[in-house]
Amino acid sequence: MKESHKTDWGDASVALTITVLGCTGDLAKKKTYPALFALYLHKHLPRGTVVVGYARSDLDDDGLRDRVRSYLKGPPETVEAFLAACHYERGAYEDAGRTGVFAGLGARVAAFERQRSASVGHRIFYLALPPSVYPPVCANIKETCMSPSPGWTRIIVEKPFGKDLSSSEALSAGIAALFTEAQLYRIDHYLGKELTQNLVVMRFANRFLAPLWNRDNISNVQIIFKEPFGTQGRGGYFD
């Protein structure tokens, strides 16, 4: 169970900064930014929330906004208000033998907190990245981007990851060595797809299938999800 935090989201002295690492990728523009905008649209984000996109592409704030604008569905004025809170920071994800790779990102987040005159800064890092770079990215976050107390830091990763049990366990161990369970959130947006939800209902709502659908009778489950377009740069996610 995650530790509980009571936060007054209307308190101007409390700032939330959400960093989307890999913000120029397919996952970020199709899923992450639209989801954040939906929270903003329904007033579920704290007042003054800032979203910082981080990637290696040669972009600026306006360039990032142009990339994600068409994926945000809502009143034009609300879309523009949300985009005004979205910023871009360019940098590497890892650099062997060099420390402080995320120093620029950490300084940018801290600057946004000072601009909001926040006495408490909460930071969320969403890894819209290939799982293979999770360990070095998490190490860089730990080194230069952690929120000073009494603020908290949260890391959101997509799972499952790895090509088999051993690779998955290795990735999990690398992340767990850096953060506590209270700081880590593991999600899988494919579990929310209708196809997957239907399998859950079929398995548990059918009295004939339920006793048989278990590891003693099924060796593996394969789900084929067809899309009318190619991987479009997403190859690194399909390990």
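Analyst: Ala, Val, Leu, Ile, Met, Phe, Trp, Tyr, Cys and Pro count as nonpolar, Asp, Glu, Lys and Arg as charged, and the others, Gly among them, as polar. By that sorting, the lining of the second largest pocket has 14 nonpolar residues, three polar and two charged. This is a predicted model, in which local features need pLDDT of at least 70 and side-chain atom pairs count only at pLDDT 80 or more, while totals for chains, interfaces and linings use all residues. Residues are numbered from 1 along each chain as its sequence is written, and side-chain values use heavy atoms, with hydrogens and water left out.

User: What makes up the secondary structure of the protein?

Analyst: There are seven helices and six strands. Helices (H or I, at least four residues) and strands (E, at least two) are DSSP runs, numbered from the N terminus. Followed along the sequence, they give the pattern β-α-β-α-α-β-α-β-α-β-α-β-α.

User: Back to that second largest pocket. How much space lies in it, and which residues are closest to its centre?

Analyst: The second largest pocket holds about 360 Å³. Its lining counts 19 residues, and those closest to the centre are Ile 18, Leu 36, Leu 39, Ile 124 and Ile 156. Strand 1 (14–21), helix 1, strand 4 and strand 5 each give two or more residues to this lining. Helix 1 gives the most, with six. As for the word itself, on a 1 Å grid over the protein atoms alone, a pocket is an open set of points where a 1.4 Å probe fits, with protein on both sides within 12 Å along at least five of seven lines; lining residues have an atom within 4 Å of a point. The volume is the space filled by probe spheres set on points joined across faces, edges and corners.

User: Why is Ile 18 called buried?

Analyst: Its relative accessibility is 6%, and buried means under 20% relative accessible area, with exposed over 50% and partly exposed in between (1.4 Å probe, protein chains only). Ile 18 therefore counts as buried. Across the protein, buried residues make up 38% of the 239 residues.

User: Where is Ile 18 placed, and what is it in contact with beyond its neighbours within four places in sequence?

Analyst: Ile 18 belongs to strand 1. Leaving those neighbours aside, it is in contact (heavy atoms within 4.5 Å) with Leu 36, Leu 45, Thr 49, Val 50, Val 51, Val 52 and Ile 124. Its C-alpha atom is also 6.0 Å from that of Phe 125, which is 107 residues away along the chain. In the protein, among contacts between residues at least 6 apart in sequence, 77% join residues at least 24 apart.

User: Why is the pair of Phe 37 and Phe 82 called edge-to-face?

Analyst: Rings of Phe, Tyr and Trp (its six-membered ring) pair if their centres lie within 6.5 Å; planes under 30 degrees apart count as stacked, over 60 as edge-to-face and the rest as tilted. By this rule the count comes to four aromatic pairs. For Phe 37 and Phe 82 the centres are 5.5 Å apart and the planes are at 65°, so the pair is edge-to-face. It links distant parts of the chain, with Phe 37 in helix 1 and Phe 82 in helix 3 (residues 76–84), 45 residues apart. Phe 37, at 2% relative accessibility, is buried, and Phe 82 is buried with a relative accessible area of 1%. Together with Tyr 40, Phe 37 and Phe 82 form one aromatic cluster.

User: What makes Lys 43 and Ser 117 worth a look in the backbone?

Analyst: Both have a positive phi without being glycine: near 60° for Lys 43, and about 50° for Ser 117. Lys 43 is in the loop between helix 1 (26–41) and strand 2 (50–55). Ser 117 is in the loop between helix 4 (103–115) and strand 4 (120–127).

User: Why are Lys 43 and Ser 117 called exposed?

Analyst: The relative accessible area of Lys 43 is 74%, so Lys 43 is exposed. Ser 117 has 60% relative accessibility and therefore counts as exposed too.

User: Which peptide bond is cis?

Analyst: The one from Ser 149 to Pro 150, where omega is near 15°. Pro 150 is in the loop between helix 5 (134–144) and strand 5 (153–158). Pro 148 lies in the loop between helix 5 and strand 5 as well, and at 52% relative accessible area Pro 148 is exposed. Pro 148 and Val 120 are 28 residues apart in sequence, and their C-alpha atoms are 8.2 Å apart in space.
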